[in-house]
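I opened the sequence and the model side by side and kept notes on what I looked up. The entries follow the order in which I went through them.

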Amino acid sequence: MLDDASSINPNANPASVVPQVVELAHWTKTDLHTISGGDADAFGVAQAGLVWLSKERHFGIRSGNRLVAHAGLVVVPVAVGEKHIDVAGREV
């Protein structure tokens, strides 16, 4: 869950904030709305008719207490000849 933006120190020097990569325990529609700015087609794929799969693991980059980036991974089984392997895909 995202931290409350009011908990960010407005007097902090932005140059001194080191972004942190974190695994996100939860990813909600509210989180998506926050990071996409509420854009219904933030990834520009609506005209192509694409539908995103639900992701199994979520990672983010936080700058201070603010989530500024997200990547979700989904594992998909594929066959390469006779060999079956799992691959991971992502969305940003």
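Which side chain does the side chain of H58 join in a polar contact of 2.9 Å? I found that it is the side chain of H70, where a polar contact is a pair of N or O atoms within 3.5 Å, of which, within protein, one must be able to donate a hydrogen and the other to accept it, and residues adjacent in sequence count only if both atoms are side-chain atoms.

**Basis of the notes.** I am reading a predicted model, in which local features need pLDDT of at least 70 and side-chain atom pairs count only at pLDDT 80 or more, whereas totals for chains, interfaces and linings use all residues. Residues are numbered from 1 along each chain as its sequence is written, and side-chain values use heavy atoms, with hydrogens and water left out.

**Confidence.** I looked up pLDDT, the predictor's confidence in each residue on a scale from 0 to 100, and noted a mean of 78 for the protein, with 78% of its residues at 70 or more. Confidence is highest in strand β1 (residues 20-24), at a mean of 89, and lowest in strand β4 (residues 83-91), at 80. Over residues 1-8 pLDDT stays under 50, and for this stretch the model has twelve contacts beyond four places in sequence, a contact being heavy atoms within 4.5 Å.

**Overall layout.** The protein has 92 residues, of which 13% count as buried; buried means under 20% relative accessible area, exposed over 50%, and partly exposed in between, with a 1.4 Å probe and protein chains only. Among the contacts with a separation of 6 or more, 48% come from residues 24 or more positions apart. The protein exposes about 7,100 Å², and carbon and sulfur atoms supply 57% of that area, computed by the Shrake-Rupley method with a 1.4 Å probe, where for residues only the protein chains shown count as cover.

**The histidine pair.** I then returned to H58, which sits in strand β2, and to H70, which lies in strand β3 (residues 66-80). H58 is buried because its relative accessible area is 11%, and H70 is buried because its own value is 8%. A polar atom of the H58 side chain also lies 3.5 Å from the backbone oxygen of K55. When I left aside neighbours within four places in sequence, the contacts of H58 were V22, E23, L24, W27, H70, A71 and G72. A71 is itself in strand β3, and at 24% relative accessibility A71 counts as partly exposed. From A71 to L24 I noted 9.7 Å, C-alpha to C-alpha, for a pair 47 residues apart in sequence.

**The salt bridge.** How many salt bridges does the count come to? I noted one, a salt bridge being a side-chain nitrogen of Lys or Arg within 4 Å of a carboxyl oxygen of Asp or Glu. Side chains of opposite charge can pair when their charged atoms come close. Here the side chains of R57 and E23 meet at 3.0 Å, N to O. The pair links distant parts of the chain, with R57 in strand β2 (residues 57-63) and E23 in strand β1, 34 residues apart. R57 counts as partly exposed at 44% relative accessibility, and E23 as partly exposed at 45%. I also looked at A25, in the loop between β1 and α1 (29-36), which counts as exposed at 71%; the C-alpha atoms of A25 and R57 are separated by 8.2 Å, although the two are 32 residues apart along the chain.

**The nonpolar patch.** Which residues make the nonpolar surface patch of about 380 Å²? I listed L53, V76, V80, I85 and V87. The elements that give two or more residues to the nonpolar patch are β3 and β4. Patches are made of residues with over 30% relative accessible area and no salt bridge, with like charges joined within 9 Å and nonpolar side chains (Val, Leu, Ile, Met, Phe, Trp, Tyr) within 5 Å. V87 is in strand β4 and is partly exposed, with a relative accessible area of 35%.

**P77.** My last entry concerns P77 in strand β3, which counts as exposed at 62% relative accessibility. Leaving aside neighbours within four places in sequence, P77 is in contact with I85 and D86. The C-alpha atoms of P77 and A88, eleven residues apart along the chain, are separated by 8.8 Å.

How values were computed. Helix = DSSP H or I, 4+ residues; strand = E, 2+ residues; numbered from the N terminus.
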